[in-house]
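The sequence and model come next.

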Amino acid sequence: MAEELYTWVPFYTELANKLLPYKNDRAALIDKLQAMYESIDTKLPKLDDGGVPNDIDPFTIFGLFNKGISSQNRRKIVAALADVFCITAELPNDFAGTPLLNNLNATFYAFIGDSRRGESDIDNLWDLFEAELALADADNPENRNAFAAAFDKTVGQFGLGWKLTMGLYWARPLAFINLDSRNRWFMGDTAKAGVPIASIMPKEKDAPIHDGKHYLAICDTIRAELNSADCPYNGFPSLSNAAFIESERVNRERKAAAKAAEQEAEENALGDAGVEVVHYWLYAPGEGASMWEDFYTRGVMGLGWHELGDLREYSTKEDMRLALQQIRGNETSQKNSAHAVWQFAHDIKPGDIVFVKRGRTEILGRGVVVGGYAYDADAGHYPNLREVKWTHKGHWTHDDQFAMKTLTDVTDYTDFVEKVNGYFEEDAEETLGGGRSPQTSLTTASNSSPRHTWTRKLTTRSSVCFVQKRTSSCKALPAWEKLSLQSAWPIR
């Protein structure tokens, strides 16, 4: 059975109705928002220079859960809004067709002290919001004129333009179209939306329209073409969702093509085509390596930042960084944290080698990654997991200090990698000679296996990878065990 879409529409519509009575009592509205965020144990996002705003508009409230945050956090905020505003509509099961704000530009006004903020900016936003709801309820010349006047008065305020149409769409998604760049790109194509819509649609790079009547004419034209052969969508939400799906498809294809071309050029430049690179990672299993025994027993490596939810929900590293800033406040950039969680979810690959550290000078173990990224919502503070075949466990003191980061790709530091691998050399040689170290599980070699010769090759990223000169005797081994065997045998 297909998933029901656009379940968010009744909720968004009722939320708009609940907000309107606060037009003349915004202090009470801000108090409600603060109490709401306290109830879900989440910090109120920075909505003004001092943190808590002394005034707010309704579109910014919609923006609290329509920006670059995880689906889990969106649902948590929506549920809290339902409680605090006594919303009777069902909680949404989806957000298909909802445009999202940039987290760094998530208010519809400039902060206090910014010279670009006008004295009446927030009042104007409330006036437009009220006129929008009135026009959606009763489409008549009087309400159209009132809406157009309010739109003209507001759209030129700092940071608005096309963004204003996003807010109008959230509040009344069946009556007002969102004209963000994605929608303009899609609807400006005659093959995607038909000639009438494409002919009236502003182009993707066009300056925002500052005429409310022109904006209404665009809404009217699109509405008249819905359910037609050229525009087979039954409403503004389904049209917006189609634009999102198509643009994401095109973006993926372009990125994949660019990445493939770049990788091929790099590999061929130094004759590395077809060479698989083993990456080496320096990893801290919890503060003070507090989770090492647990992770070793379970055969996993885990990462915190549980507030982010499933890391696959984020399409870019920047989305992760912005979400962390919102969760943990804007005091730091969260760049290092975002880099670590992105690498854990996307860059680590089966076959990579993990060195476990404690503090800045102690190595506790070594393992080979054997699984992809997994998210376990019931795993407490370490829900982000990867399966690892731990090959060594012990204590080795390193001469130099490690980086303080939780996860570091040390592949390019070839001297460091060789030195740390040297701690396990004795175990590896014993295993490859036919015995078995009590601290290693490298069971792929035996007395009956022919001895293999390996060479070390410098790739375009100055990474150490191993190329087997004789492969026939290793065909039956799983790929990750081949890599484990390769990296456990330092080259002299």
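Is D48 buried or exposed? With a relative accessibility of 2%, D48 counts as buried; buried means under 20% relative accessible area, exposed over 50%, and partly exposed in between, with a 1.4 Å probe and protein chains only. The model is predicted: local features need pLDDT of at least 70, side-chain atom pairs count only at pLDDT 80 or more, and totals for chains, interfaces and linings use all residues. Residues are numbered from 1 along each chain as its sequence is written, and side-chain values use heavy atoms, with hydrogens and water left out.

**Chain**
- The chain has 18 helices and nine strands, taken as DSSP runs (helices H or I, at least four residues; strands E, at least two) numbered from the N terminus.
- Of the 492 residues in the chain, 51% are buried.
- Among contacts with a separation of 6 or more, 69% join residues 24 or more positions apart; contact means heavy atoms within 4.5 Å.

**Salt bridges**
- The whole structure holds 19 salt bridges, each a side-chain nitrogen of Lys or Arg within 4 Å of a carboxyl oxygen of Asp or Glu.
- D48 pairs with R117 at 3.5 Å, N to O. R117 is in the loop between α4 and α5 (121-137) and D48 in the loop between α2 (26-39) and α3 (58-63), 69 residues apart.
- R144 and D220 form a salt bridge at 2.9 Å, N to O. Because R144 lies in α6 (residues 141-154) and D220 in α11 (residues 212-225), the pair ties together parts that are 76 residues apart in sequence.
- R144 is partly exposed at 24% relative accessibility, and D220 is partly exposed at 27%.
- A network of salt bridges links D139, R144, D220 and R223.
- D399 and K419 form a salt bridge, with their closest N and O atoms 3.0 Å apart. D399 is exposed, with a relative accessible area of 62%, while K419 is partly exposed at 33%.

**Largest pocket**
- The largest pocket has a volume of about 1,600 Å³. Of its 49 lining residues, L100, R182, F244, E248 and S315 are the closest to its centre.
- A pocket here is an open set of points on a 1 Å grid over the protein atoms alone, where a 1.4 Å probe fits, with protein on both sides within 12 Å along at least five of seven lines; lining residues have an atom within 4 Å of a point.
- The largest share of the lining, twelve residues, comes from α12.

Notes:
Points joined across faces, edges and corners; volume = space filled by probe spheres on them.
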